[in-house]
Amino acid sequence: MALDKPYLDIPGTTIFDADMARKGFHLNQFCMSLMKAENRDAFKADERAYLNHWPMTEEQKQGVLDRNYNRMISLGGNIYFLAKIFSSDGISFQVAASTMTGMSQAEYAQMMLDGGRSVEGNTYKGDNQNG
Amino acid sequence: MARITAGVCTSHVPAIGAAIDNGKTDNEYWKPMFAGYEYSKRWIADQKPDVILLVYNDHATAFDSNLTPTFAIATGEVFESADEGWGPRPVPNVLGHPALASHLAQSVIQDEFDLTIVHNLHVDHGLTVPLSLMFGQPKQWPCRVIPIVVNVVLYPPPLGKRCYALGRALRRAVESFDENLNVQIWGTGGMSHQLQGARAGLINKQFDNDFLDRIVDDAESLSKMPHVEYLRQAGSEGVELVMWLIMRGALNQDVVQKHRFYHVPASNTAVGHLILENK
């Protein structure tokens, strides 16, 4: 019997469950390698060559090269693992989060100062999403 | 005998640690948030706990996709601050309490909680930010800390009611330790936040304030809230709040609320903070 996934109807959200973790295993383990300074240096020196050491899919590698976080998440990446990439880039969590929303950094920062994204219209897919 | 005297809950946002480490606590953005912890620093200086059971989640730091314990307890002597990608936070090493930690592990496993036992681990912002918020920037942390690590990264985290029951088991285990120790339990993480996808930045003040109400005097029913409710209402990372239920389960049914604070935003996150004392 299939697993019950009552969270699939939450808009703009990917839950890192067993299926996603399986899909993203090598992508996430690549991210973990960036917690060592020497690996960060090697990655920055030649990103493509560094990625080619990992048994990731080409789509996952391209997602990393493009810093396309939504793409990486759809391919099994988890945000706490992916954080090692944007930390290596010297980018904050807030700036990285803004890139996933279609908003500019400034718009996103202002939205947070104004109290964050409203839950109204953002709890079920098909809601009239605002903010 | 050892006794749990009080519980503390607080968010553990990494940007808070960065603000402390870079001397930005007085700027316009951060000052109102840190003001919410002024009382807490005075309170804990009076309380002088000997040991803190610090419930937190590892953020793909000590554990990765190769190993994901649902609950773990660390029994080592010293825990170093982890390099999370921008170098380790400049905070003192965290000193453990191996005798109490191994006593807790042996006790709660026989009480049906099959904790993973870890000796050494590097501790990330999930553990060190709460210490900084409560103690500031001392040369050494003024008490021992036992890390209790909960998986909230790989879905599903442990159920709320299981967390609440673990709190109760930890309390029984603490009370069967012979040495006289003043023990606190802290639950960290939350409140509403989502760090990923098109819905990043979600904040739900009503959910958070209901949670702050109910964890004080309606915790048992709160512990039955299904995960999907956290995910939908408080954001994909808001499910960290289940960790507060471990803290609450370890306290008396009747508690005195000494302090409550709520602030939006800290980076992407709503900050919540409670201090509860056993009656």
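## A loop tryptophan and the domains of chain A

In this predicted model, Trp54(A) lies in the loop that runs between helix H3 (47-51) and helix H4 (58-65) of chain A. Trp54(A) is classed as partly exposed because 15 other C-beta atoms lie within 10 Å, a count that falls between the limit for an exposed residue, 12 or fewer, and that for a buried one, 20 or more. When residues up to four places away in sequence are left out, Trp54(A) touches His26(A) and Phe30(A). Asn78(A) is 24 residues from Trp54(A) in sequence, and the two C-alpha atoms are 17 Å apart in space.

The domain assignment divides chain A as follows.

| Domain of chain A | Residues |
|---|---|
| Domain 1 | 18-90 |
| Domain 2 | 92-123 |

The C-alpha centres of domain 1 and domain 2 of chain A are separated by 23 Å. Contact between these domains involves four residues of domain 1 of chain A and four residues of domain 2 of chain A. On the side of domain 1 of chain A that touches domain 2 of chain A, helix H5 (69-74) and helix H6 (79-88) each contribute at least two residues. The composition of that side of domain 1 of chain A is three nonpolar residues, one polar residue and no charged residues.

As to confidence, the predictor assigns the complex an ipTM of 0.95 and a pTM of 0.97. Chain B has a mean pLDDT of 97, with 100% of its residues at 70 or more.

Notes: Residues numbered from 1 in each chain as written. Chains lettered and ligands numbered in written order. Predicted model: local features only at pLDDT ≥ 70, side-chain atom pairs only at ≥ 80, totals over all residues. Domains from an automatic or database assignment. Contact = placed C-beta atoms within 7 Å. Helix = DSSP H or I, 4+ residues; strand = E, 2+ residues; numbered from the N terminus. Nonpolar A, V, L, I, M, F, W, Y, C, P; charged D, E, K, R; others polar. pLDDT = per-residue confidence, 0-100.
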